[in-house]
Amino acid sequence: MRESSVLPRVIESGTQVFYPKIIIRDSSGTDVTYDSKIINSIKVSKTAFSGETPSVGCCPSATATISLNLNELFDNQPYTDSDILEKIPKNARIIIQAYYKGTYDGSVHSDYFTLGYFYVDTRVIDEHSGNIELSCYDLMLRAEELYLNAIPTEESGFPMSDITVLQNIASRLGITLTS
């Protein structure tokens with residue numbers, strides 16, 4: 001049985017422990033992993049609808065708020081705004097994961113599971129506490145716009161196939177379709 005499929009049973013057993021992990025793509029394009037030593041808190045909010053009721057064509061999206069300890073991030077050394085931008089660039093990609101460990105059926109189980117891929121929108125630094133709060137969103141938020149406004153008229157070519165529409169949207173979001 002794959003470890004992540006055991007998670008619901010581990011949670012039911014009440015023996016689980018969760019540890020957060022984030023992976024931030026820094027300004028050099030390197031993915032850097034940070035754990036609970038640096039992470040103060042993570043809050044992920046997901047919606048099923050973009051409004052109060054279901055509607056066709058809406059893009060359910062997720063947001064995340066992440067608080068990090070800058071002193072720990074820089075090993076208690078002095079840092080500047082440009083140092084922060086190097087480690088957490090504008091629009092940086094952040095992968096939020098959780099590691100769980102717990103007992104089920106007499107065995108210890110553990111695994112990482114991904115809570116989402118997010119992109120930094122805003123950052124607020126609290127000079128007093130030495131923390132930075134990152135407000136992030138997923139790629140679906142970028143898709144929340146009227147499709148006809150997203151493509152130039154001369155390229156619209158209406159009517160067009162659903163595959164062409166899907167390829168246009170994927171291209172705008174920077175997603176590579178595999179089939």
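These legends walk you through several close-up views of a predicted model.

**View 1. The largest nonpolar core has 22 residues.** Welcome to the inside of the predicted structure. Ile 22, Leu 68, Ile 94 and Leu 134 touch the most other members of this core. At least two residues each come from strand S1 (17-25), strand S4 (62-69), helix H2 (70-73), strand S5 (93-104), strand S6 (107-126) and strand S7. The largest share is that of S4, with 4 residues. As a general rule, nonpolar side chains in soluble globular proteins tend to be buried together.

**View 2. Ile 94 and the residues it touches.** Which residues does Ile 94 touch, once those up to four places away in sequence are set aside? Look for Ile 22, Ile 23, Ile 24 and Ile 66, and then for Gly 116, Tyr 117, Phe 118 and Val 120. Leu 134 and Cys 136 complete the list.

**View 3. Arg 25, Asp 31 and Arg 93 are linked in a network of salt bridges.** Start at Asp 31, which is partly exposed with a relative accessible area of 35%. Its salt bridge with Arg 25 has the closest N and O atoms 2.9 Å apart, and in the salt bridge between Arg 93 and Asp 31 that distance is 3.0 Å. Arg 93 in strand S5 and Asp 31 in strand S2 (residues 31-34) are 62 residues apart, so this pair links distant parts of the chain. Buried or partly exposed: where do the two arginines fall? Arg 25 is partly exposed at 32% relative accessibility, whereas Arg 93 counts as buried at 16%.

**View 4. Glu 72 forms a salt bridge with Lys 37.** Here the closest N and O atoms are 3.8 Å apart. The pair links distant parts of the chain, with Glu 72 in helix H2 and Lys 37 in the loop between S2 and strand S3 (39-46), 35 residues apart. Glu 72 is partly exposed at 23% relative accessibility, while Lys 37 is exposed at 53%. In the whole structure, 3 salt bridges are found.

**View 5. Asp 138 sits in the loop between strand S7 (131-137) and helix H4 (147-150).** Asp 138 counts as buried because its relative accessibility, 12%, is under 20%. Its side chain reaches the backbone nitrogen of Ala 62 at 3.0 Å. Beyond neighbours within four places in sequence, Asp 138 is in contact with Ser 61, Ala 62, Tyr 117 and Phe 118.

**View 6. Leu 166, Ile 175 and Leu 177 make a nonpolar surface patch of about 240 Å².** Ile 175 lies in the segment after helix H6 (162-173). With a relative accessible area of 40%, Ile 175 is partly exposed.

Technical notes. Residues numbered from 1 in each chain as written. Predicted model: local features only at pLDDT ≥ 70, side-chain atom pairs only at ≥ 80, totals over all residues. Heavy atoms only, no water. Buried < 20%, exposed > 50% of the residue type's maximum accessible area, 1.4 Å probe, protein only. Polar contact = N/O pair within 3.5 Å; in protein donor to acceptor, adjacent residues only side chain to side chain. Contact = heavy atoms within 4.5 Å. Patch = residues over 30% accessible without salt bridge, like charges linked within 9 Å, V, L, I, M, F, W, Y side chains within 5 Å. Areas by Shrake-Rupley, 256 points an atom, 1.4 Å probe, with all protein chains shown as cover. Salt bridge = Lys/Arg side-chain N within 4 Å of Asp/Glu carboxyl O. Core = buried A, V, L, I, M, F, W, Y, C linked by side-chain atoms within 4.5 Å.
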